[in-house]
Amino acid sequence: MTAHTQEASIQDLKRAWMEEAISLATNSVMNGGGPFGALVAKDGQVVALGNNQVTATLDPTAHAEVTALRAACKELDTFSLEGCVLITSCEPCPMCLSSALWARVDGIVYSADRHDAAVAGFDDRKFYDLFDKKPQSSWPTRIEHLDLPNRTAPFDAWLAKSDRIDY
Ligand SMILES: [Zn+2]
């Protein structure tokens, strides 16, 4: 296979996976969930799927991407998704973007963006704007720095633990 046709087939795969993520998202709406779907793929294969389950599971963190990342880690029996790609029907919100960074995925592919989500009444763009433009003092959630003398004790214990599992 030439590099050119290889690249073309990777793009075909990504398109097929995105179609699947969009179907997941649309079906999620039919099943009473939020309009978001995601999947994790590795080596050309789908590893795990996820759809938005916030209202169904009373879990504000159960976004499609987080759900897919958790399922993929279970499936692969690891906390690192190096070598994986996250395909999501909509641009990840800041939480999902951070989750994907923590999971160490190789890449993220999205279709709808934060502006499309805003039109549908979702706060993704609003939260990006908070991070990008607004000082924390003006955020709707108050964030307080309470500086105790032993604040680094957990990190001291961590650094002193020779058999720790770094992540
Ligand atoms: Zn999210």
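The zinc ion is held by three donors, ND1 of His63, SG of Cys93 and SG of Cys96, at 2.0 to 2.3 Å. Keep in mind as we go that this is a predicted model. Along the chain, the donors follow the spacing H-x29-C-x2-C. Both Cys93 and Cys96 are buried. If the site looks incomplete to you, remember that water is not among the atoms.

Asp124 touches Cys93, and its other contacts beyond four places in sequence are Glu91, Pro94, Arg114 and Ala117. Asp124 belongs to helix H6, which covers residues 124-133. Which side chain of opposite charge is nearest to Asp124? That is Arg114, 8.1 Å away. Asp124 is buried and has no salt bridge; for such a bridge, a side-chain nitrogen of Lys or Arg would have to be within 4 Å of a carboxyl oxygen.

Now step back to the whole protein. Its secondary structure consists of seven helices and four strands. Read from the N terminus, the elements come in the order α-β-β-α-α-β-α-β-α-α-α.

The four strands make up an open sheet with mixed pairing, and their order across the sheet is E2-E1-E3-E4. Strand E2 (45-51) and strand E4 (107-112) are the edges, each pairing on one side only. On average, neighbouring strands of the sheet are turned by 15° against each other, direction ignored. Strand E1, residues 37-42, pairs with E2 in the antiparallel sense, and six bridges connect them. To find this pairing on your screen, look for Leu39, whose bridge partner in E2 is Leu49.

Helix H1, residues 3-30, touches E1, E2, strand E3 (84-90) and E4, and its direction makes about 50° with that of E3. Helix H3, residues 64-76, lies across E1, E2 and E3 and runs at about 135° to E2.

Taken along the principal axes, the C-alpha atoms fill a box of roughly 60 × 45 × 30 Å. The protein has 167 residues, of which 29% count as buried; as we saw, Cys93 and Cys96 are buried, and so is Asp124. How many of the contacts between residues at least 6 apart in sequence join residues at least 24 apart? The share is 48%.

Technical notes. Residues are numbered from 1 along each chain as its sequence is written. This is a predicted model: local features need pLDDT of at least 70, side-chain atom pairs count only at pLDDT 80 or more; totals for chains, interfaces and linings use all residues. Side-chain values use heavy atoms; hydrogens and water are left out. Helices (H or I, at least four residues) and strands (E, at least two) are DSSP runs, numbered from the N terminus. Buried means under 20% relative accessible area, exposed over 50%, partly exposed in between (1.4 Å probe, protein chains only). Lys and Arg count as positive and Asp and Glu as negative; His and the chain ends are not counted. Contact means heavy atoms within 4.5 Å. Donors are N, O and S atoms within 2.8 Å of the metal (3.2 Å for Na, K and Ca); water is not among the atoms, so sites may look incomplete. Two strands pair if DSSP finds at least two bridges between them. Axes are lines fitted to C-alpha atoms, for helices over the stretch in contact, and angles run from 0 to 180 degrees between N-to-C directions.
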